[in-house]
Amino acid sequence: MSKKFLLMGVSALMVSAVSAPIALAQDAGVSEDDNIVVTGTRRKGRSAVDTPAPVDIISGADFINQAGGDLTDLVRATVPSYNVNTQPISDAATLIRPANLRGLSPDQTLVLVNGKRLKRAAVITFLGGGISDGAQGPDISAIPALALKNLQVLRDGAATQYGSDAIAGVMNFILKDASDGATIQAKYGSTYSGDGDEWSVAANVGLPLGDTGFFNITAEWRNVDDTSRSVQRSDAAALIAGGNTAVANPAQVWGQPKVDDDIKTFINMGVDFADNGQLYAFGNYAQRRVEGGFFFRNPNSRGNAFTIGRPDDRDGDGFNDTDANGELILFQARLVGDVTPNGTGNCPSGLAGQGGAIFLDDPNLDALTAAVIANPNCFIFNEMFPGGFTPRFGGELRDKGVTIGVKGDLPFAEEISYDISYTYGKNDVDFFIFNTINASLGADTPTSFRPGGYSQEENIVNADFAYDMPVAGFASDLNIAAGFEFRSEAFSIRAGDPASYAIGSLSAPSAAFPNGQGFSSSSNGFGGFTPGTAGTNSQSNVAFYLQTEADVTENFIMQAAVRYEDYTAFGSTTNYKVGGIYKLADGFRVRGTYSTGFHAPTAGQANVTNISTVFVGTQLVDRGTLPLTSGAGQFISDFIVSQGGTRPTLGPETSNNFTVGTVFNLGSATVTLDFFNINVNDRIATSGTQDFIGALRITATNNGVAFNPGDSTSQLLNALDAAGVLNASDFAGSEDLTSFNFFNNDFDTRTRGADLVVTMPVDIGTGSTNAVWTVNYTDTEVRNAGSLGAGRIRQLEDNLPAWRSSFTLTHDQGPWNLLARANYYGSYFEDHLDSNLAFPINAGSEITFDAQLGFDITEQFEIAVGAQNLLNNFPDENPWGNIVGSKYPATSPMGYNGGFYYIRLTGRM
């Protein structure tokens, strides 16, 4: 037996609390209605064991009986093929964390609420750990867990049935629809380390609406403190050892972000009319403020704020030193600005006409720096931040949506059912950043900025019809479903405050004094969106589908579907699906599906502009994400072709999805085992990093345009403009970038694996006990890697653990209830700092345990205490932790906060 399965077997002796797909045998206390599947089929009254594709049903109670309060984390604990991790320093991904189902990107999973498409979030994941780079998925954190009746997870491709995005599968959140009763919960928890305190209060109330209707409302408030699992960076430690007492310890914090005023509300309502009709509506409003950290700006190395490369005559020959190729060698020096109006400050900036540079290796560095600070004509940021600075970044998020519809049987043709609906949704994020600078403004810079924001807005119209047609020789009617969908989306960028994008007098847009002094423009860490960048881009699509399903015989169910979809921006596509399930014997079924699918780029992915601060080697650099349609995007596209490459393009990705599995009874246990294979071609993602300044230099050389080795991007653009090679005005917004990437269809992947679920009652002679064992294996292989580097490929293939498993026991006896969980996380790989394998982390497998004990004080009140990661386990330590202070791998699938305890009070009426 392999080590993996031995560990899983050991975990099977422990306990866990995750729900499972509905089994052939009915679990005690589970109503028949709770077993009905409405995802992946248009037929009424289908159970999970009679569907051609695997469907997991997780009850709302399973989300409540956990430590956390973020629905993303709660789903991770109950669906073994679903992965999400803490995002400590990931730009906007810190605000809405990317999650992965079956090893694929967040926007390759379709999310529904009550069977209707959930809007995308406004946040695009620019730093997504490889797998999620460039994804724009939905934000399920806006859903309060107490609002859920159940979650149905279709583990199969379903783009034919539901449209774009349903490649990895479909998650359908079903809202509570009770017309009476109320539940209120209060919870407090904290990590064993004493940080990360979490408070939450939630309530759900069901009310009658007339004689035949319901009005169900849920509200939740939550606050979460941040954590720190950091060590001091070696460069910061060296500064402190050298006498710099202004450096913080730790200089850079790695941990979960701070979440304030996390407010979520959901309403679900319906009123019956006539004999078989219902008017329904549901909607939500949510908001929260999320704040996290950024990388430390070292006062002795952060380029274009504290330092800059300057030439020097080190060999004493009267000329600045050059390398073997005759190019100037640039030595790191203090970046000094002359703040006089005409350049008479005689500041040691190293610029022509100014004093000699202050080089960082000068033994008199401190004294020379002090002299500059004392000179009113000169400015260095060591005056403002002598110990460097670490920006704090975050966003204020708002999420709202509503669906209104009517469904039932047509009054003039009662054998035909209908469901007609309209859905509106909008997700907004407004960014903020503080404890930072706009270096080009010098001493006049603010230290707090509003860089702007994003919005995602969607309108959807659905019309679905179904008819059960008798067919001679079939064991059931042939269910024929057909429908129409119109969907429009708009992605908007809002400009930041003027200081967040200003190009100040100390910046480097040209060589003329007082400009050209080398200070970077815009808010450092997250540059503001300019009025030229701001605007709205939109696209729309229409779709038609046809789906059939029937019991061909008493033992054989067959399903088939076809869908046509047409996009204004990307053309049309037609996809199909076939599936079936066959009952070989009582308690033994085999099932399988084959489908094609697609995922279209969003309006945001096709048009967004963004600048992120990333590591290259051991230095921070600004890297942009620009549209292929921008001046810089077109320039790089032409350059790639000129170098013999293929012109990058952006269009829909396509997929084919194959599943085969079995459902059978083994004594009192029910076993489901399903294998899957997903091929995705032309995946939508951000490209590999493009060397913008290098391409400009080659272009200048090829066109005989003279330039200096130390020339900035803007200086190269101006030189090429003067020579008539390009128009520099076409590159507005990218003058400070040395590198950038863009969205394109850059690579293919094959993802395959298996899901095993075993459920069984356990007779221990007293009370009611149930056990569940789940195992997921997922393996991804990158094919036709395009511009991806070796590190990005390894992240796509190995950043998520190939193996995940959990074992569950739940026990109820009188007023007591117990649950506990053992979780197994397989080994994984992290390309630390996206370093292209410069800092590889090969992390080992881990096991964690969770437990909860509840007691009914009365019939109305319950108290529960529990712990997540009961034994306070941590992932393997980061061998490169001293570089930027991350004690543990940032992408650890089990998290890195250690143990978390909590107490929960529940009242029911």
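This report describes the confidence, sheets and helix packing of a predicted protein model.

**Basis and confidence**

The model is predicted: local features need pLDDT of at least 70, side-chain atom pairs count only at pLDDT 80 or more, and totals for chains, interfaces and linings use all residues. Residues are numbered from 1 along each chain as its sequence is written, and side-chain values use heavy atoms, with hydrogens and water left out.

The protein chain has an average pLDDT (the predictor's confidence in each residue, from 0 to 100) of 91, and 94% of the residues score at least 70. Over residues 1–32 pLDDT stays under 50; for this segment the model has 81 contacts (heavy atoms within 4.5 Å) beyond four places in sequence. Residues 509–515 likewise stay under 50 in pLDDT, with 18 contacts beyond four places in sequence.

Helices (H or I, at least four residues) and strands (E, at least two) are DSSP runs, numbered from the N terminus. Two strands pair if DSSP finds at least two bridges between them. Five strands form an open sheet in the order 3-8-9-6-7, and the pairing is mixed. Strand 3 (55–59) and strand 7 (116–117) stand at the edges with a single partner strand each, so one side of each is left without a neighbour in the sheet. Within this sheet, strand 8 (residues 148–154) runs antiparallel to strand 9 (residues 169–175), and six bridges join them. Asn150 stands opposite Ile174 of strand 9. Helix 3 (residues 71–78) lies across strand 3, strand 8 and strand 9; its direction makes about 115 degrees with strand 9.

**Antiparallel strands 19 to 21**

Strand 20 is paired with both strand 19 and strand 21. A hairpin with two residues between its strands is formed by strand 19 and strand 20. The pairings are set out below.

Axes are lines fitted to C-alpha atoms, for helices over the stretch in contact, and angles run from 0 to 180 degrees between N-to-C directions. Helix 9 (residues 631–642) packs on helix 10 (residues 692–702) at an angle of about 60 degrees, with the axes 11 Å apart. The two helices, helix 9 and helix 10, are therefore oblique to each other; angles under 35 degrees count as roughly parallel, over 145 as roughly antiparallel, 65 to 115 as roughly perpendicular and the rest as oblique. On the helix 9 side the contact is made by Ala632, Phe635, Ile636 and Phe639, and on the helix 10 side by Phe692, Ala695, Leu696, Ile698 and Thr699.

Helix 10 also packs with helix 11 (residues 713–722), at an angle of about 30 degrees and with axes 10 Å apart. Helix 10 and helix 11 are therefore roughly parallel to each other. Helix 10 contributes Phe692, Ile693, Leu696, Arg697, Thr699 and Ala700 to this contact, and helix 11 contributes Thr713, Leu716, Leu717 and Leu720.

Another open sheet has four strands in the order 27-28-32-31, with mixed pairing. Its edge strands, strand 27 (610–616) and strand 31 (690–691), each pair on one side only. Strand 31 runs antiparallel to strand 32 (residues 739–741) and is joined to it by two bridges. Gln690 stands opposite Phe740 of strand 32.
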